[in-house]
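Reader: I have the sequence and the coordinates open side by side. Could you take me through them, one point at a time?

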Amino acid sequence: MSLASYLKSKLIPADIDEHINRIRKPIGSLGYDPWGYNNEAIKYGFTLTRQIYEKYFRVEAHGVENVPAEGPVLIIANHSGQLPLDGLLIGYALASRKQQPRIPRAMIERFFPTVPWLGNLLNEFGAVLGDPVNCAKMLANGEAVIVFPEGVRGSGKLYQDRYQLKRFGNGFMHLAMKYKAPIVPVGVVGCEETIPAIANIKPLAKALGIPYAPVALPVVLPAKVHLNFGPPMYFDDLEIPEELVTERVEQVKAEISRLIDKGLSERKKLF
Amino acid sequence: MAKQRRPHILVTGAAGALAQRVISQLRDHCDLVAVDFREQVYLGDDIPSYCIDFTKRVFEDLFRRYEFDGVIHLGRIQSSQLTRMRRYNANVLGTQKLLDLSHKYGIKRVVVLSTYHVYGAVAYNPALIDESAPLKAAGLSADLVDSVELENLANIYLWRYPELNITILRPCNIVGPGVRNTMSSLLGSENAPVLAGFSPMMQFIHIDDMADAIVKTYKKPVRGVYNVAPEDWVAYQHALKLCGCRRIPIPSIPPVVPNLILKTLKLKSFPSYLTAFFKYPVVIDGRAFAREFEFKPNRPLKEIFRFYRENKRPV
């Protein structure tokens, strides 16, 4: 037995191995897809995330069955917490659901591919550079794609601005309309408290070439996370002016806001 | 009834393994003439073979003498060969001369081999790049300028002279027995450099599949630009592992460090101007070509890598 197979047998529980193998994905002969997703690597990621999801953040997910079992779908959520933990937890919730699990693809900041090891690792776990062409091609391939329309405006916001939705880009709505992909809104509650930041040192961020440099404790706090998946929203593909597209985006934003309020009311305590 | 004339085809880059594969597929049905910029190769008594500089006047004599119907232009000097100036002369000016002569002598079909390098490897590349994407390579390194200019030139002729029926092919990494490009040298080596922490997705096409693609292209006169790549992908470092290469990591950050190291070492198999291609992915979408020319590669990645694993020390 090679070292790799030995490690795999020790680290990856048989149920996870079987669970991942059961999910059908468009991959090549060596287990990769064009974006770098790797069917073997994700088993390690899934095993680790299970611990983080169940033990550390004790995630409560409601309505994950709202994500259709197949076909293109956009999972749109609020972004928070400095690190893309929310994408990881939403992805795990969908990939681990008992009925018809799917491995969704998370769109990540453009900065990540330039980071050694981390960039490749994220790709192997299914994350994809947040580029409209990537998103379009994945929807055309019938994938489930997680998008945070707030981008770094959301993830980099300060603790004092928690649960206030920042401006949503319109790009996801254009793609949803073009590829007739339903939108499943998700309200994430709890990630705001994982790395509360009190300030952002912009000159430092600029010098380092990173989106933001938060002043925060160097730990990820074990806040309890609530994920609320809303019912799918369908939009037609009619040629409409941009202001009507913005109105549709606002509908999604309002629904996410409602789901956040639901999560906040369900939450008994922060940790 | 007069006997039907066999097509007369000029094949450039005859010293390369790819051209020789194409020639062996076409020689039974076509009258071929082989030329190469670098050396004269013997391809049998039935195929005249010349070592010729396309920019010289004597090149035109071949067009007068053989009355070509088509040209398969595979004679591209790769970015790892010759100096920048000689490469520019051969690739850009040589191609221009070839296309001018093709127009002058009424050639009806031209196939030009380009490369996926023209897209350029940048961190923000999406995957499955299609043919309409901008060509960013020239902005990355002056050593790739000739590749982009060759393309631009062929594109101009494609639209200006539709009767030439030009098809430009942009293949992914061509590998396999006899291939002498950068990627093939790396896969065939015992030790291969990698940039620490970077293992971009790559695509590989077997030389025999690529030869099939070129022959299919020649036979169907559809103008345009096409990516040629199988629908299979692998990370660079994983490919090296499957080929039995020991990976030698080169420090990758800050970005000036690998460039400095590679410029100092001057490794032929890992040139500094291709650094970006070992850092960021350039995954192309070959589906348009597959559809148009009914092309399906027959040699899987595992077979390609097995060849390199089993031939580490070629006799």
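**Helices, sheet and contact**

Author: This is a predicted model. A place to start is helix H1 (residues 17–26) of chain B, whose buried residues are covered by elements including strand S1 (8–12), strand S2 (31–36), strand S4 (70–73), strand S7 (173–175) and helix H7 (207–219) of chain B.

Reader: How many of the residues of H1(B) are buried?

Author: The buried residues of H1(B) are B:Ala17, B:Leu18, B:Ala19, B:Gln20, B:Arg21, B:Val22, B:Ile23 and B:Leu26. The helix is mostly covered, and the count of buried residues is eight of ten.

Reader: Which way do H3(B) and H5(B) run relative to each other?

Author: Helix H3 (residues 84–104) of chain B packs on helix H5 (residues 145–160) of chain B with their axes 9 Å apart and an angle of about 10 degrees. Angles under 35 degrees count as roughly parallel. The two helices H3(B) and H5(B) are therefore roughly parallel.

Reader: How many charged residues does the contact of H3(B) with H5(B) have?

Author: From H3(B) come B:Arg87, B:Tyr88, B:Asn91, B:Val92, B:Thr95, B:Gln96 and B:Leu99, and they meet B:Asp146, B:Glu149, B:Leu150, B:Leu153, B:Ala154 and B:Tyr157 of H5(B). By class, this contact of H3(B) with H5(B) has seven nonpolar residues and three polar ones, and the number of charged residues is three.

Reader: What radius of gyration does chain B have, against that of a compact globule?

Author: Chain B holds eleven helices and 13 strands, and its C-alpha trace spans about 65 × 35 × 35 Å along the principal axes. A compact globule with 315 residues would have a radius of gyration near 20 Å, which agrees with the value for chain B, 19 Å.

Reader: What percentage of the residues of chain B count as buried?

Author: Of the contacts in chain B with a separation of 6 or more, 76% are between residues 24 or more positions apart. A residue is buried if 20 or more other C-beta atoms lie within 10 Å of its own. Among the 315 residues of chain B, the buried share is 49%.

Reader: Turning to chain A, what radius of gyration does it have?

Author: Chain A has ten helices and nine strands, and its C-alpha atoms fill a box of roughly 60 × 45 × 40 Å along the principal axes. Buried residues make up 42% of its 271 residues. For a compact globule with 271 residues the radius of gyration would be near 18 Å, which agrees with that of chain A, 18 Å.

Reader: Which strands of the sheet in chain A stand at the edges?

Author: The sheet is open, with seven strands in the order S1-S9-S6-S2-S5-S3-S4 (chain A) and mixed pairing. Each edge strand has a single partner strand, so one side of it is left without a neighbour in the sheet; the edge strands are S1 (60–62) and S4 (128–129) of chain A.

Reader: Which residue is the bridge partner of A:His62?

Author: S1(A) pairs with strand S9 (residues 226–229) of chain A in the parallel sense, over three bridges. In S9(A), the partner of A:His62 is A:Asn228.

Reader: What angle does the direction of helix H4 of chain A make with that of S5(A)?

Author: Helix H4 (residues 85–95) of chain A packs on the sheet. The strands it touches are S1, S2 (73–77), S3 (105–108), S5 (144–147), S6 (183–189) and S9 of chain A. Its direction and that of S5(A) make an angle of about 155 degrees.

Reader: How many residues of H4(A) are buried?

Author: The buried residues of H4(A) include A:Leu85, A:Asp86 and A:Gly87. H4(A) is mostly covered, and the buried count is eleven of eleven.

Reader: How does H3(A) lie relative to H4(A)?

Author: Helix H3 (residues 41–56) of chain A packs against H4(A) with the axes 10 Å apart, at an angle of about 105 degrees. That makes the orientation of H3(A) to H4(A) roughly perpendicular.

Reader: Which residues of H4(A) make the contact with H3(A)?

Author: On the side of H3(A), the contact is made by A:Phe46, A:Thr49 and A:Tyr53. The residues of this contact of H3(A) with H4(A) divide into six nonpolar, one polar and no charged. From H4(A) come A:Leu88, A:Leu89, A:Tyr92 and A:Ala95.

Reader: Which helix gives the largest share of the side of chain A that touches chain B?

Author: The contact takes 19 residues from chain A and 23 residues from chain B. The side of chain A that touches chain B divides into nine nonpolar, six polar and four charged residues. Its largest share, three residues, comes from helix H6 (residues 132–140) of chain A.

Note on methods:
Residues are numbered from 1 along each chain as its sequence is written. Chains are lettered from A and ligands numbered from 1 in the order in which they are written. This is a predicted model: local features need pLDDT of at least 70, side-chain atom pairs count only at pLDDT 80 or more; totals for chains, interfaces and linings use all residues. Two strands pair if DSSP finds at least two bridges between them. Helices (H or I, at least four residues) and strands (E, at least two) are DSSP runs, numbered from the N terminus. Two residues are in contact if their C-beta atoms, placed from the backbone, lie within 7 Å. Axes are lines fitted to C-alpha atoms, for helices over the stretch in contact, and angles run from 0 to 180 degrees between N-to-C directions. Ala, Val, Leu, Ile, Met, Phe, Trp, Tyr, Cys and Pro count as nonpolar, Asp, Glu, Lys and Arg as charged, and the others, Gly among them, as polar. The radius of gyration is taken over C-alpha atoms; the globule rule is 2.2 Å times the number of residues to the power 0.38. A residue is buried if 20 or more other C-beta atoms lie within 10 Å of its own, exposed if 12 or fewer, and partly exposed in between; C-beta atoms are placed from the backbone. Angles under 35 degrees count as roughly parallel, over 145 as roughly antiparallel, 65 to 115 as roughly perpendicular and the rest as oblique.
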